[in-house]
Amino acid sequence: MQYFYKSVIADLHNKNFYKECDCCRKRFYADKLPVLCRKSKTIQKLEKCEGDIIRQRLFNHKKALAVQHLARYFNQCSDCGGWVCDECYKIDVKDGVCSDCFTVKS
């Protein structure tokens, strides 16, 4: 789950969090960033945990909520460990794998 948390990224252009599918690269978006955290330079500092206390707490809290929201759309592949969207996740196999690993097994 730590990999999933780290792979949720703050989008500098749209000012919200997103996660890309490890197979198809489709993006899934969460809510907007807090108003105090929307400047591009501020976002970059907050991603590195170098922001001031108030902004960093707001950012971390909103990211945790974004991770909870985005986790509903992803499954972890039992072979490669990647996080893939529902469209790329194959449940035909006993443990469930991503479409890339499914192709290799077939």
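Buried means under 20% relative accessible area, exposed means over 50%, and partly exposed lies in between (1.4 Å probe, protein chains only). By that scale Asp52, at 38% relative accessibility, counts as partly exposed. This is a predicted model, in which local features need pLDDT of at least 70 and side-chain atom pairs count only at pLDDT 80 or more, while totals for chains, interfaces and linings use all residues. Residues are numbered from 1 along each chain as its sequence is written, and side-chain values use heavy atoms, with hydrogens and water left out. Helices (H or I, at least four residues) and strands (E, at least two) are DSSP runs, numbered from the N terminus.

**Nonpolar core**

- A nonpolar core is a set of buried Ala, Val, Leu, Ile, Met, Phe, Trp, Tyr and Cys residues joined through side-chain atoms within 4.5 Å.
- The largest such core has 26 residues. Phe4, Phe17, Cys21, Phe59 and Val84 have the most contacts inside it.
- At least two core residues come from each of strand 3 (27–32), helix 2, helix 3 (53–70), strand 5 (83–85) and strand 7 (97–98).
- Helix 3 gives the most to this core, with 4 residues.
- In soluble globular proteins, nonpolar side chains tend to be buried together.
- Contact means heavy atoms within 4.5 Å. Not counting residues up to four places away in sequence, Cys21 touches Lys26, Phe74, Trp83, Val84, Cys85 and Cys88.

**Helix 3**

- The 18 residues of helix 3 should span 26 Å at 1.5 Å a residue. The expected span is 1.5 Å times one less than the number of residues. The end C-alpha atoms of helix 3 are 25 Å apart, which agrees.
- Gln56, Phe59, Lys63, Ala66, Val67 and Leu70 are the buried residues of helix 3.
- Seen down the axis, these buried residues of helix 3 fall within an arc of 100°, so they line one face of the helix. The arc is that of the directions from the helix axis to the C-beta atoms.
- An α-helix has 3.6 residues a turn, so residues three or four places apart point the same way.
- Ile53, Ile54, Arg57, His61 and Gln68 are exposed on the other side of helix 3.
- The buried residues of helix 3 pack against helix 1 (2–7), strand 1, strand 2, strand 3, helix 2 and strand 4 (74–76).

**Salt bridges**

- A salt bridge is a side-chain nitrogen of Lys or Arg within 4 Å of a carboxyl oxygen of Asp or Glu. The whole structure holds 6 salt bridges.
- One of them joins the side chains of Asp11 and Arg27 (3.9 Å, N to O). Asp11 lies in strand 1 (residues 9–11) and Arg27 in strand 3, so the pair ties together parts that are 16 residues apart in sequence.
- Asp11 is buried, with a relative accessible area of 9%. Arg27 is partly exposed, at 34%.
- Glu87 pairs with Lys26 in a salt bridge, with the closest N and O atoms 3.5 Å apart. Glu87 lies in the loop between strand 5 and strand 6 (89–90), and Lys26 in the loop between strand 2 (16–20) and strand 3, so the pair ties together parts that are 61 residues apart in sequence.
- Glu87 is exposed, with a relative accessible area of 60%. Lys26 counts as partly exposed at 38%.
- Arg55 forms a salt bridge with Asp52, where the closest N and O atoms are 2.8 Å apart. Arg55 is partly exposed, with a relative accessible area of 29%.
- Salt bridges that share partners join Asp11, Glu20 and Arg27 into one network.

**Cysteines**

- A disulfide is a pair of cysteine sulfur atoms within 2.5 Å. The structure holds 0 disulfides.
- Cys77 is in no disulfide, and its nearest cysteine sulfur, that of Cys80, is 3.7 Å away. Cys80 is likewise in no disulfide, with the sulfur of Cys77 nearest at 3.7 Å.
- Cys77 is buried, with a relative accessible area of 3%.

- Thr42 is found in helix 2 (residues 40–47). Thr42 counts as buried at 18% relative accessibility.
- Beyond its neighbours within four places in sequence, Thr42 is in contact with Leu36, Cys37 and Arg55.
- Pro34 sits in the loop between strand 3 and helix 2. Pro34 is buried, with a relative accessible area of 15%.
- Leaving aside neighbours within four places in sequence, Pro34 is in contact with Leu58 and Lys62.
- Pro34 and Leu58 are 24 residues apart along the chain, and their C-alpha atoms are separated by 6.8 Å.
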